[in-house]
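This report describes selected elements of a single model. The sequence and structure are shown below, followed by the description.

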Amino acid sequence: MMRKTLGIAAATGLLAGAVAAPALAQDSKVITIPEGEPITIGVYQVLSGANAVLGQDMVYGIEAALEQRGGELLGYEIELNVQDELCTAEGGAQAALALTSDPTVVGIVGSSCSSATVGGIQTITESGLTSISGSATANDLTQPDRGPEFEGFLRTAFPDEFQGKTVADFVFDELGLTKAATIHSGDPYSSGLVDDFSRFFTELGGEITLAEAVSDGQTDMNPVLTNVAASGPEIIYFPIFTDEGGFIADQVGSVDGLEDVTLMGSDGLFSLD
């Protein structure tokens, strides 16, 4: 979800589109770049807080993609307008507003997080711009029956349904575990992954012993983990981000009954932190 190669793929896709149509046209919107002026690509990624490493990695990928092109497109210098989407719907809305208010932005790479996409995509679509995400994986973002506000959204990342099935197959077939508890944090990303994993896991014959949730900013995981322990899982699947996920991983060993439980996260926890 958050690898530099995906940032390069998203940026390269956006640049390829610009080559095909240097005057970007969507819903009758045309952006003209005067001679000597730069082409501006908007970027909105999570760049602060506990999950900043995820968005920063994506920005590095975008910068690498630009470097591969010599920083130019059709003889025009490329500039970036980078905004922090905070990995929240509110942050995504603010970042999208900032980018669409810039009349020189021809396309957008982002967002990092599904929740930020939900918050910002209507503004982007209504502005006539297109965004390409390398990491927003919630299923609903690209479903055939999605709302018209999502017409300005594309992605290079796989949807959560793909990952949820892969996790379920691995836990049941490779690890040989049949009892799993899940923990999500209420956002589209984590709750969607839990739903997909749970559906596929039970279809395989597995049992979800308990489905729990944590809140943004929660640090004391003992009440949640105590409930989980009472349900008797062999594995805890918690596809949440680094902040709350780190506290779960740190505190699980001190809860009676969870000393030997297997822990599994997903790509939101794929960081050095």
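## The four-strand sheet

Four strands, in the order E10-E9-E11-E12, make up an open sheet with parallel pairing; two strands count as paired if DSSP finds at least two bridges between them. E10 and strand E12 (262–264) each have a single partner strand and stand at the edges, so one side of each lacks a neighbour in the sheet. From one strand to the next, the twist averages 20 degrees. E11 and E12 run parallel and are joined by three bridges, and Ile235 has Thr262 in E12 as its bridge partner.

This is a predicted model, in which local features need pLDDT of at least 70 and side-chain atom pairs count only at pLDDT 80 or more, whereas totals for chains, interfaces and linings use all residues. Residues are numbered from 1 along each chain as its sequence is written, and side-chain values use heavy atoms, with hydrogens and water left out. Helices (H or I, at least four residues) and strands (E, at least two) are DSSP runs, numbered from the N terminus.

## Helices across the sheet

Helix H6 (residues 188–204) lies across E9, E10 and E11 and runs at about 165 degrees to E9. Helix H7 (residues 222–230) also lies across E9, E10 and E11, at about 170 degrees to E10. The axes are lines fitted to C-alpha atoms, for helices over the stretch in contact, and the angles run from 0 to 180 degrees between N-to-C directions.

H6 has 17 residues and reaches 24 Å from its first C-alpha to its last, close to the expected 24 Å; the expected span is 1.5 Å times one less than the number of residues. At its N-terminal end H6 is capped by Asp187, a side-chain oxygen of which lies 3.1 Å from the backbone nitrogen of Tyr189. Gly205, with a positive phi near 110 degrees, follows the helix. Among the buried residues of H6 are Leu193, Val194, Phe197, Phe200 and Phe201, where buried means under 20% relative accessible area (1.4 Å probe, protein chains only). The buried residues of H6 pack against helix H4 (114–126), helix H5 (160–174), strand E9 (179–184), strand E10 (207–213) and strand E11 (235–237).

## Val214

Val214 lies in the loop between E10 and H7 and is buried, with a relative accessible area of 5%. Leaving aside residues up to four places away in sequence, Val214 touches Ile183, His184, Ser185, Met221, Val224, Ile240 and Glu244; contact means heavy atoms within 4.5 Å. The C-alpha atoms of Val214 and Ile248 are separated by 9.8 Å, with the two residues 34 apart along the chain.

## Strands E3, E4 and E5

Strand E3 (residues 39–45) pairs with strand E5 (residues 76–84) in the parallel sense, over seven bridges. Gln45 stands opposite Asp84 in E5. Strand E4 (residues 72–73) runs antiparallel to E5, to which two bridges join it, and the bridge partner of Leu73 in E5 is Tyr76. E4 and E5 form a hairpin with two residues between them, and Leu74 in the turn has a positive phi of about 55 degrees.

## The disulfide

One disulfide is counted under a cut-off of 2.5 Å between cysteine sulfur atoms. Cys87 and Cys113 form this link, with their sulfur atoms 2.1 Å apart. The pair links distant parts of the chain, 26 residues apart: Cys87 is in the loop between E5 and helix H3 (89–100), and Cys113 in the loop between strand E6 (105–110) and H4. The link is left-handed, with -100 degrees about the S-S bond. Cys87 counts as buried at 11% relative accessibility, and Cys113 is buried with a relative accessible area of 1%.

Technical notes. Buried < 20%, exposed > 50% of the residue type's maximum accessible area, 1.4 Å probe, protein only. Polar contact = N/O pair within 3.5 Å; in protein donor to acceptor, adjacent residues only side chain to side chain.
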